[in-house]
Amino acid sequence: MQIQPERLFVGPHHPDVGALATPSPDGSVHHFCQFTPKCLLAVSRGTHGNSPLRHGEEGWHDGTLRTTIRVDNEVEAHREANNYKFGFRKWKGNVTEKPIEDRSDIDKELHTDLSIVKNTEGLFFVGNIVYVFLFGWWISLIYLLICPVMFLTVFGVPYGKVCLKLAWYIIWPFGKSVQRACHLVDMSAVKPTNCDIVPQEHKDLVGDKDCAPLLVSSPLPIKIPVPTLPPRKTRKHWCRVSTFLWLLLGYPVLAVVHCLAFVLSWLPVFTIPIAKMNSRILTTVLLMAPEDIEIHSVDKKDACETRVVLYCYQAFNVYYYKYTVQGINIFALNLLPLVFVTVIAGYTDREHEYFSTETMFTIAIVSIIPLSYYIGMGIASISAQSNFAVGAVVNATFGSITEMTFYITALLRGHRAGSNCYEEIVKSALAGTLIGCILFIPGICMTIGGIKHSEQRFNSRSAGVSSALLFISIGGVFAPTLFSKTFGNLVCESCSSTPGNGTVPFTCKDCHYETVADPHLILSHIEPLVYTISVLLPASYLIGLIFTLKTHAHIYDIHVSDSHPVVHWSRWRALAVLIFATVLMASCADLCTVNIEPILSHSSISQYFIGVSVLAMVPELPEIVNGIQFALQNNISLSLEVGNCIAVQVCMIQIPLLVLFNAFYDVGFMLVFSDIHLWASIFSVILVNYIFMDGKCDYFQGTALVVVYFIILAVYFFAPSPRSC
């Protein structure tokens, strides 16, 4: 029996995946997957040979050599291609501005300016009711208090009436529109006529009765008469006495009120519609002529999409976590003032008169989160607008700058204080980053992605390469530790003899392999081994980059639309952001190390746990969010690569850089880890390699990885503090 050719099916099971059909010169059609790391195929086979797949069943085609990416412009094509390259940080957000007409309905709704009247089913949402109790009543009350003041001035009576109207509007603004009196149009009078305009091609089809279609699928344009608006009259209300009284007595008070309401509703993110409404009232409505302000309730039957001055129908929108300003995520934008507060307060309040040590440490570590985001966006912007070599250099340098600033400042602080506790904290943060990137990031992505998509598939061969690379990295990093345990001296403390027991003469506690006491072993054996590994690991990283550039150049098949990109950040602007964010990052890292000392000295929590959990994973929160977004779009391959990329950079770039820094400026850093770091890291790599074997995952496997991660955290939490602390 003849085997049918393999065909590509992109069906409703994957709504985020589209298909691009391009005719070839021979008349055949080639199908490409869009926005997927590997083409997702449903293979239709005969009964001969392998067992057939059912129609619509999804599988990974081993013969697929190209990853086809459909993007809007060339800059986004570079960004998408960089996500699949070795050593490049993965970035989900766009680096160019997408035209509003090409965005989704949710995105259009988020970026509306509240000037479009829309037909909504209902207005009594929970968020709208909460608005009345949180904002509506007290803003309306202030309007009612200003109203008699304007009436008492006699000349300000028109603005007193405006305050009265706005007081009733603000207490429940939903479903009401603020319009200019000269622009009011009776929409109920606008009725479509029965005169339909049929295009010429349809006339030709209708003329030929034999070939005339029964149904015409294309829309027919309808001519709807719209009444001509009267010419707008120029108002000279700025020269009136009432306007001066309003700007003197009423507007300043309301400006403070609306600014306060704007800030209070902007910071929680999900209540940004309230912030937009307050902004529009302050900047537009309150500056209009009193006779121009008209407030009307929108009739649901007659409501259509018309433009007005202000229309708001909801106070809460859960999708505002996607909101961006100039390409910057709203959470990163809202956390930016905290960075400046941290730096100013940290270096001016050194005696902790206003902020305690714990408070300063907390806000300093939280300030690292938005800075990590800005550094990541700067790296993605420069890499997308540059060639491969520049992108690789930027990723290798600035990609590790977040962690390196903290590690170096902590080692310098410990060297000045003469304490080895900071070295243990740095090693705990390194091990915690490895364990979190190997277990937690893939686990949480598989869990959240598996809830939306019952089963997600990825290329098991690619995952196997990543797992093998992790084995090499972990083996190289922990080789000096294994060497010291093999050739070091076993030292036991708190030894005591047991009277009357000749078989066990001594009972000892806290036995460990000591290398510091043997300078010959360190200088002659361990240090040369560390330097050798510090050369081999970056060399492996460089080989991976060359491998991606040369050998894998045929993997990517990018389809670019004919649109002109408008980048959010140019290369010079992105470079300036990178430098400025790096300076702020160094300041926040310094404040972390300064304020962590009392916590290390007086806290009952193990120092191992502080380094492995807080110091390791907080700077990686933007990367975790990127991985989750990839998983929600059924692109689990990139979600898994997010953690692998960070782990590889820790082993192949960050640790060799710390060794190099210690070689030029001796801060006492030695690449020998504690037993708990060694076994936890090795166990994590073995477990994740077992999970990735079959090339598919679900939320159960992701939950298993997350549970194991928390078990390891519990071990660190209850572990005794390091001897040096």
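A salt bridge is a side-chain nitrogen of Lys or Arg within 4 Å of a carboxyl oxygen of Asp or Glu. With that in hand, here are some close-up views of this predicted model.

**View 1. R79 pairs with E76 in helix α1**. The closest N and O atoms of R79 and E76 are 2.6 Å apart, which is within the 4 Å limit, so the two form a salt bridge.

**View 2. K485 and D675 form a salt bridge**. Here the closest N and O atoms are 2.0 Å apart. K485 belongs to helix α13 (residues 460-487) and D675 to helix α19 (residues 675-691), so this pair ties together parts that lie 190 residues apart in sequence. D675 is partly exposed, with a relative accessible area of 37%.

**View 3. F669 sits in the largest nonpolar core**. This core holds 129 residues, and L430, L615 and F669 have the most contacts inside it. Which residues does F669 touch, leaving aside its neighbours within four places in sequence? They are L411, E423, V426, K427, L430, L658, V659 and N662. Another core lies apart from this one; its 42 residues include Y131, M150, L254 and V285.

**View 4. Strand β7 pairs with β8 and with β10**. Five of the five residues in β7 (residues 176-180) are buried. K176, V178 and R180 point one way from the strand, while S177 and Q179 point the other way. With β8 (residues 293-297), β7 makes an antiparallel pairing over five bridges, and Q179 stands opposite E294. With β10 (residues 310-312), the pairing is again antiparallel, over three bridges, and K176 stands opposite C312.

**View 5. Helix α4 packs against helices and strands**. The 15 residues of α4 (residues 157-171) should span 21 Å at 1.5 Å a residue, and the end C-alpha atoms are 22 Å apart, which agrees. Among its buried residues are Y159, C163, L166 and I170. The buried residues of α4 pack against α3, α6 and α7, and also against β7, β8 and β10.

Conventions. Residues are numbered from 1 along each chain as its sequence is written. This is a predicted model: local features need pLDDT of at least 70, side-chain atom pairs count only at pLDDT 80 or more; totals for chains, interfaces and linings use all residues. Side-chain values use heavy atoms; hydrogens and water are left out. A nonpolar core is a set of buried Ala, Val, Leu, Ile, Met, Phe, Trp, Tyr and Cys residues joined through side-chain atoms within 4.5 Å. Buried means under 20% relative accessible area, exposed over 50%, partly exposed in between (1.4 Å probe, protein chains only). Contact means heavy atoms within 4.5 Å. Helices (H or I, at least four residues) and strands (E, at least two) are DSSP runs, numbered from the N terminus. Two strands pair if DSSP finds at least two bridges between them. The expected span of a helix is 1.5 Å times one less than its number of residues.
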